[in-house]
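Please open the structure in a viewer and keep the selection panel at hand.

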Amino acid sequence: MSSADSQTGISNPGTSAGGLELARHNFMQIWQVLAALALIYGFFFLMSPPFRSIDTLLSIFGQASILAILACGTTIVLISGGLDLSVGSIFAVVGVSVGIFMAEWGLPPVAAVGLGLVIGAALGALNGTIQVLTKVPAFIVTLGGLTAYKGLAEILASGRDLSRFPDGFKFLGSGNTVPMLIMFAAAILTGLFLTKTRLGSRAFAIGGNEEVARLSGVPVAKSRIYYYMLGGLLAGLAAIVEVAKLNFAMPARGQSYELYAIAAVVIGGTSLFGGRGGVGKTLLGMFIMQTIIVGLSYLGVGTSYQRIAIGAIIIVAVYWDVWRRTAR
Amino acid sequence: MTGPGADRAAKPPVLEARGISKHYGGIVALDEVGLTLNEGEVLAVVGDNGAGKSTLIKALTGAISKTTGVIRFDGTETKIDTPSDAKAAGIETVYQDLALVNEISITKNVFLGREIVRDDWLGRWFGVLDFKKMDAEIRDLFGKLDIRIADIYRDAEAFSGGQRQAVALSKTVMFGKRVAILDEPTAALGVRESKMAMDLVRSLKDHGLSVIMITHNMQHVLNYCDRVMVLRLGRLVAVRKVAEVDGDTLVGLITGAKETEGQA
């Protein structure tokens, strides 16, 4: 995996011994998740012959990609010790907006996409700003955002037929490949942001110990707003890819995506309590979740049972996170 | 006995605080406390729990907003309302239990809030960090201070209390241009580690720093400090030259068994 896997995955120009030590350390952090992924994949591989095809594997990646783009943002926010429950609704607002821009206003795809990303970033930043200013817990502020933005998406979409978009736009969602490439691009950029930049690396410090970060002169409030903004931006990007893939936009899309994203992030090994994690882990977590969902469908297990399975896995993953923290 | 201004009339004290108070609602945590820190000295702040020691240094470093008070730096009145103001003035603080973030590496801890970015468009536009430079500066610093930590990319929590304290103290040398303020630098340390930390504190002088140190350890006051100020219930009750007091006198002043005023 790339160096984006953990906060210690910084470029290490020191001794080669240090580099090896670091690589070992990184590997130790993710081998359990990799092993879990291999086990789960192996299980379905054995149980279901049709699951074994390459197409199935590609469809796992393809289906994971839209949620994974959104989950990149969730990774940043969770590492910084924040929480954004509203990204699923931001997703809906951006999807509907982009639809309006093209289907009603006739804007070219580039402009629609650009504006959509700006809207996503702005809604995320609004969450962050409200939270920083009011000091109301992130859980409550973004729960409010979840409902409010959802309402906004419904108002924007009401009475409109948002479909049949230009080919240039639909390209963004074509097949499994393009969404997958966008996912990897988003993940790599997020990883570089978290590990190589000043603002990104401070997310770990703020999530680890906000007070130490503040006393060290880190502008905690301002940084947090940026993290929420990036979360909104990535939710917007995910929405754009989905609208392109479906060739229609509606406000019901994105429902519960924030929960699936949080689940994937935590399953991958990023701490729900902040300070630790990485975007490579999030991709692994997302693949685990999608493998389970796709695998269970191949075994004839219905959607409702799949949800129960995912719920159970989230609890196990968080328990594991808590256990690791107390065992240290 | 004259005031400290008299024997150093030529040079103003590095740091001078006047009438520092902190009220929490009706509770007076700190009542009109003054303080003078001379160039190159180690000033101990002692007092029982709740005497206002931590409140005093937090007010001095902008970690809390003071109710009243004036701070002069090299004789010039200086506004210190946030931790960043204090850092800009050249004051570096090591807070008890709030020195390092466990979850990030030693490098990132030392440079937290003052990261070095690359000297190119990546650095200017995207804040891309210059790890090479930061690592080199830390190795240089640790060499200078004789701190033996090779694994500077490991998370801080992997290190012992003594090593962590050494890292925290090293930040004062790296960034503190004038003053280091230390809140119980040996609170969580064993005997051997305490001695190492205190030797490091003493060496801060050689790096041009004047030191204010909160401590509960009278032996550390007597062995490592130049002057000592005693707080009780939010009030300054005595300032003495360490050469002129003994442990019993200090304990008497701290508990209130000895009621004495006057300045050393």
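The stops below pass from model confidence to the chain contact, then to helices and strands.

**Before selecting**

This is a predicted model, in which local features need pLDDT of at least 70 and side-chain atom pairs count only at pLDDT 80 or more, while totals for chains, interfaces and linings use all residues. Residues are numbered from 1 along each chain as its sequence is written, and chains are lettered from A and ligands numbered from 1 in the order in which they are written.

**Stop 1: confidence in chain A**

The mean for chain A is 89, and 91% of its residues reach 70 or more. Next, select residues 1–17 of chain A, where pLDDT stays under 50. The model has 52 contacts beyond four places in sequence for this stretch; two residues are in contact if their C-beta atoms, placed from the backbone, lie within 7 Å. Where pLDDT is low, the predicted coordinates should not be read in detail.

**Stop 2: where chain B touches chain A**

Show both chains: 29 residues of chain B are in contact with 30 residues of chain A. On chain B, select α3 (83–89) and α6 (131–145), each of which supplies at least two residues of the side that touches chain A. Helices (H or I, at least four residues) and strands (E, at least two) are DSSP runs, numbered from the N terminus. By class, this side of chain B has 14 nonpolar, five polar and 10 charged residues. Here Ala, Val, Leu, Ile, Met, Phe, Trp, Tyr, Cys and Pro count as nonpolar, Asp, Glu, Lys and Arg as charged, and the others, Gly among them, as polar.

**Stop 3: helix α4 of chain A**

Select α4 (residues 109–134) and α5 (residues 138–157) of chain A, whose axes come within 9 Å and cross at roughly 145°. Axes are lines fitted to C-alpha atoms, for helices over the stretch in contact, and angles run from 0 to 180 degrees between N-to-C directions. Which residues of α4(A) and α5(A) make the contact? From α4(A) come L123(A), N127(A), I130(A) and Q131(A), and from α5(A) come A138(A), V141(A), T142(A), G145(A) and Y149(A). Five of the contact residues are nonpolar and four polar, with no charged ones.

**Stop 4: the antiparallel sheet of chain B**

Move to chain B and its open sheet of four strands, in the order β2-β1-β4-β5 with antiparallel pairing. Strands pair if DSSP finds at least two bridges between them. The edge strands, each pairing on one side only, are β2 (27–37) and β5 (76–77). Seven bridges join β1 (residues 15–24) of chain B to β2(B). Among the bridge partners are Y24(B) with I27(B) and L15(B) with L37(B). In the hairpin of these two strands, with two residues between them, G25(B) takes a positive phi near 60°.

**Stop 5: strand β7 of chain B**

Finally, select β7 (residues 179–183) of chain B. Is this strand buried or exposed? Five of its five residues are buried, meaning that 20 or more other C-beta atoms, placed from the backbone, lie within 10 Å of the residue's own. V179(B), I181(B) and D183(B) point one way, and A180(B) and L182(B) the other. In a regular strand the side chains alternate between the two faces of the sheet. V94(B) has L182(B) as its bridge partner, and A180(B) has V211(B).

Methods:
pLDDT is the predictor's confidence in each residue, from 0 to 100. A residue is buried if 20 or more other C-beta atoms lie within 10 Å of its own, exposed if 12 or fewer, and partly exposed in between; C-beta atoms are placed from the backbone.
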